[in-house]
Amino acid sequence: MGDTFIRHIALLGFEKRFVPSQHYVYMFLVKWQDLSEKVVYRKFTEIYEFHKMLKEMFPIEAGEINTENRIIPHLPAPRWFDGQRAAESRQGTLTEYFNTLMGLPVKISRCPHLLDFFKVRPDDLKLPTDSQVKKPETYLMPKDAKNNVADITGPIILQTYRAIADYEKSSRTEMTVATGDVVDVVEKSESGWWFCQMKTKRGWVPASYLEPLDSPDEAEDPDPNYAGEPYVTIKAYTAVEEDEVSLSEGEAIEVIHKLLDGWWVVRKGDATGYFPSMYLQKAGEEVTQAQRLIRGRGAPPRRSTIRNVQSIHQRSRKRLSQDAYRRNSVRFLQQRRRPGRPGPQSAQGSKNNLPSQHAKAQPAVPPRPSADLILHRCTESTKRKLASAV
C-alpha cells in the first residue's frame, strides 16, 4: 500500500532555452501515487540514456535475446544537430513511448530506474531569472495532438494572469500568491485548479483568484449548453451559498454550463445551481480514479467568497443569475418535451385534413355530444325508454 509509484506521465510541451547555450528540454507532468503532481524538465539525450539503461536492465523484454519477446517500446536515437523542428516532431513519439511504458508490467513501469528518473531535481525548481538576457520560449502541445505532427502548436507565449487577492497555499503542490502577482499559466484544469509559474515558484492556484490582464475573464467561459451533458456525482456536497445545489454521491445530473473556475451549473429535474466540477464524472466512465484524485485536493474557492478582491478592470465581472439559468433551462425542457406529446386528433379533423390545434382554435361551435354522454346525463327512467326504443 505504501509503495511509491507513478500513476501517469503527461508531456506538456518543450522549452527552448538559451543559457548556458541554446538547447531544448521537454516538460512532463508526473502524477504520483500520493496524488501529488510535479512538473519536471528533461533533455532528449537524458531520455535516450534512460531508455538504453532500461533495455540493459530488462534484456528479455527489450528483445535482446528474442525479438518476439520485446515489449519495451522503441525510441529513435538523438541526431547530431537537434533543432526546433526535431524537438517538435519528437513530441508525439515521446507521448506514445511513455504511454506504452506505463502500461507494461509492474516490474518495469514501477522499477527504481523509472522512479529516480522522474524525481524532482534542483534544476526543475530553478526557473530563469529576470537577469537573463533572453528568457526561454515555451511551446505547448495540445491535448488532442497525439502523434499528428501537423497539430503541434507553434511558438506560443504562456497566458499571463494577475492575482486579485492573497492566496495562501494549503499543500506542497499549491503556490502562494499575493495581490497583484503576475503568473504564467501552464495548464488549465477543469477542476478549477491551474498550474502556474512565477519566477522561481511553481504550483497549483485556484482559477477564481486569477484574472487576465487584457479583459475580464467571463469572456473566456464557454456559452451555456441547456441541452445538458449527463454526469454523475462522485462525492456529496452540501450547498453553502444560496445559488449552489446540494447533491448526494451517485446522483445523475446534467451539466448546462462549464465555467473555468471549476464551479459548474448543473440541473437536477427543473432545479439548477452551482456544483464543484471536481465532484463530477461523465456518466458511464470509471469513477475509481477520479475519486482518488479528489482526496488530495478539495474544490477550489468560488470567486464570490473571496474577500478584498482588487481587480484592475473597470467593467465588473458579470455572471448569469440562477433565475436566468432556471428560466432558460425550463424553456428548453418544455421545447424538448413538446414534440414527444401526441396531439389529440378527432376523426372529423383527420377527415378534413385539419390539424388538431386548428380545431382547438375554433371554440365557437361546441362539439356534438356522443350517445354515451347523452345517456349518462339522462335519468334512469329516460335511459330505459331510450334502450327500449333502440
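This is a predicted model: local features need pLDDT of at least 70, side-chain atom pairs count only at pLDDT 80 or more; totals for chains, interfaces and linings use all residues.
Local features require pLDDT of at least 70 and side-chain atom pairs count only at pLDDT 80 or more, while totals for chains, interfaces and linings use all residues. Residues are numbered from 1 along each chain as its sequence is written, and side-chain values use heavy atoms, with hydrogens and water left out.

The protein chain holds 11 helices and 14 strands (DSSP runs numbered from the N terminus: H or I of at least four residues for helices, E of at least two for strands). Of its 390 residues, 39% are buried, that is, under 20% relative accessible area with a 1.4 Å probe, protein chains only. The accessible surface is about 23200 Å², with 51% belonging to carbon and sulfur atoms (Shrake-Rupley method, 1.4 Å probe). Among contacts (heavy atoms within 4.5 Å) with a separation of 6 or more, 60% come from residues 24 or more positions apart.

Tyr 26 stands opposite Arg 42 in strand 3. Four residues lie between the two strands, and Leu 35 in this turn has a positive phi of about 75 degrees. Strand 3 (residues 37-42) is mostly covered, with five of its six residues buried.

As for the cysteines, Cys 111 is buried at a relative accessible area of 3%, and Cys 196 is buried at 0%. The model has zero disulfides, counted as pairs of cysteine sulfur atoms within 2.5 Å.

Note on methods: Buried means under 20% relative accessible area, exposed over 50%, partly exposed in between (1.4 Å probe, protein chains only). Two strands pair if DSSP finds at least two bridges between them.
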